[in-house]
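I opened this notebook to record what I looked up in one structure, entry by entry. The sequence and the model come before my notes.

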Amino acid sequence: MDNWLLKGPKTLVNEPTGQNIESPTQVKVKVSHLLVTDFDAQVFSGDIPVTYPRVLGRAAVGIVTEAGEGCYGVEKNARVYFEPTRSCGKCLACRSGKPKECTNVISAGSDFDGFMRDFAVCEYRDVAALPDSVDDIHALCIEPVGIAENIYDKLNLSAGQRVAVVGADITGNIIAQVLQYHKVIPIVIDNNPANLERARNCGIYYTFAADDELDERVKDATGGHFCDAAVYCSNSRLPISISTRLVGNGKKVVLCSPSPHNATMDISDVLEKNLTVFGVSNAYDYTDAVINMFIHGAVNLDVFEKEILTEYNPVEILKQKCVATNSKTGKMTVLKMIL
Ligand SMILES: [Zn+2]
């Protein structure tokens with residue numbers, strides 16, 4: 001039995017516990033696969049503060065072993081995805097019966113217990129049934145694709161517009177693919193040649209190194225106008241100023257991915273160009289949209305290297321992830337928790 005509890009920074013212990021459904025609207029789920037995310041590594045290291053003890057694990061799928069009689073759309077033996085975010089239940093929107101408009105969305109593995117455990121009991125609305133055509137690896141990537149879709153919605157772009165994606169790690173690559181799916185043209189920027197090659201293998205046309213020639217290349221790619229928006233992936237650790245520098249006047253710049261780094265930003269471009277800068281850090285209420293996108297082949301995940309472990313020590317894996325993030329290595333580490 002597994003139930004990995006974080007009791008303090010880098011203090012992760014396995015304390016198995018039993019949990020059963022307590023209401024007709026709850027399901028009990030056997031966790032089958034868990035993706036070890038950079039977010040988990042940051043919570044593990046203490047960079048993202050949480051209230052201890054806390055069960056880690058933000059991205060997981062499982063099989064329903066028990067469903068209360070008041071559950072709809074999920075039944076025993078259904079394969080499901082755990083929603084990584086939930087409404088807070090406390091803000092004005094939540095108290096007014098509009099949880100989808102929650103202004104303080106909470107996250108698994110930090111605000112509430114995550115899924116690095118054998119069984120999880122939750123409300124049936126907190127899991128999403130997976131169609132057979134969406135395999136477990138795709139399901140584990142629902143949140144990053146949802147974040148990309150959330151960004152696309154907030155940028156309000158039209159077909160043919162150019163968007164700089166600064167950082168072509170896993171998150172940045174997925175964002176570029178989703179923009180391309182919507183006929184927006186991504187300009188991917190990274191200093192890691194492997195990340196640029198991976199982007200090209202996904203059919204991304206403009207892939208540039210963040211070097212001295214970058215500005216000229218982007219000018220050429222945009223007819224001299226610079227980009228219509230920029231997305232900055234904080235895990236890339238590239239300077240944020242690249243994103244504000246490469247957009248035109250009055251445009252939007254999105255900051256995304258969880259960031260423990262004390263990233264600082266030069267605001268001169270923001271002021272001079274009257275830019276709008278905002279963050280997108282979750283994909284709350286995007287799960288159904290993403291499942292539909294997968295069914296339509298919107299995102300190619302084959303380009304990412306994967307390791308699927310049946311024997312593992314989460315402590316060692318998380319320690320390694322603190323040094324070499326998924327984003328840096330382009331590798332997904334999945335714990336197979338059902339044999
Ligand atoms: Zn709320």
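This is a predicted model: local features need pLDDT of at least 70, side-chain atom pairs count only at pLDDT 80 or more; totals for chains, interfaces and linings use all residues.

My entries below go from the domains to one helix and then to the salt bridges.

I looked up the domain assignment of the protein chain, and it gives domain 1 as 4-141 + 301-336 and domain 2 as 144-280. For the contact I found 16 residues from domain 1 and 15 residues from domain 2, while the C-alpha centres of the two domains lie 28 Å apart.

**Entry 2, the interface.** I then looked up the area buried between domain 1 and domain 2, which is about 1200 Å², with carbon and sulfur atoms giving 64% of it. Across this interface I found 0 salt bridges, and the count of residue pairs in polar contact, both at pLDDT 80 or more, is 1. On the side of domain 1 that touches domain 2, the elements that give two or more residues are α1 (38-45), α12 (326-329) and β18 (331-336). I also asked myself which element gives the most to that side of domain 1. It is α12, with 4 residues.

I checked the length of α5 (residues 170-181): at 1.5 Å a residue its 12 residues should span 16 Å, and the end C-alpha atoms are 16 Å apart, which agrees. Is this helix mostly covered or mostly open? I found it mostly covered, since 10 of its 12 residues are buried, among them Ile170, Gly172, Ile174 and Leu179. At the N-terminal end, aspartate 169 caps α5, with a side-chain oxygen 3.1 Å from the backbone nitrogen of threonine 171. Just after α5, I noted that lysine 183 takes a positive phi of about 70°.

Threonine 171 has a relative accessible area of 16%, and because buried means under 20%, I wrote it down as buried. Leaving out residues up to four places away in sequence, I found that threonine 171 touches Cys256 and Ser257.

I recorded that the structure holds 12 salt bridges, and I followed some of them through the chain. Lysine 30 pairs with aspartate 118, their closest N and O atoms being 3.2 Å apart. Lysine 30 lies in strand β3 and aspartate 118 in the loop between β8 and β9, so this pair ties together parts that are 88 residues apart in sequence. I found both lysine 30 and aspartate 118 buried.

Next I took arginine 79 and aspartate 136, whose closest N and O atoms are 2.7 Å apart in their salt bridge. Arginine 79 lies in strand β6 and aspartate 136 in helix α3, so the pair ties together parts 57 residues apart in sequence. Arginine 79 and aspartate 136 are both buried.

I then turned to glutamate 307, which forms a salt bridge with lysine 331 at 3.5 Å between the closest N and O atoms. This pair links strand β17, where glutamate 307 lies, with strand β18, where lysine 331 lies, 24 residues apart. Buried or partly exposed, I asked of glutamate 307? At 25% relative accessibility glutamate 307 counts as partly exposed, and lysine 331, at 24%, counts as partly exposed too.

Terms used: Residues are numbered from 1 along each chain as its sequence is written. Side-chain values use heavy atoms; hydrogens and water are left out. The expected span of a helix is 1.5 Å times one less than its number of residues. Buried means under 20% relative accessible area, exposed over 50%, partly exposed in between (1.4 Å probe, protein chains only). A polar contact is a pair of N or O atoms within 3.5 Å; within protein, one must be able to donate a hydrogen and the other to accept it, and residues adjacent in sequence count only if both atoms are side-chain atoms. Domain bounds come from an automatic or database domain assignment. Contact means heavy atoms within 4.5 Å. Buried area is the accessible area (1.4 Å probe) that two parts lose on being put together, summed over both. A salt bridge is a side-chain nitrogen of Lys or Arg within 4 Å of a carboxyl oxygen of Asp or Glu.
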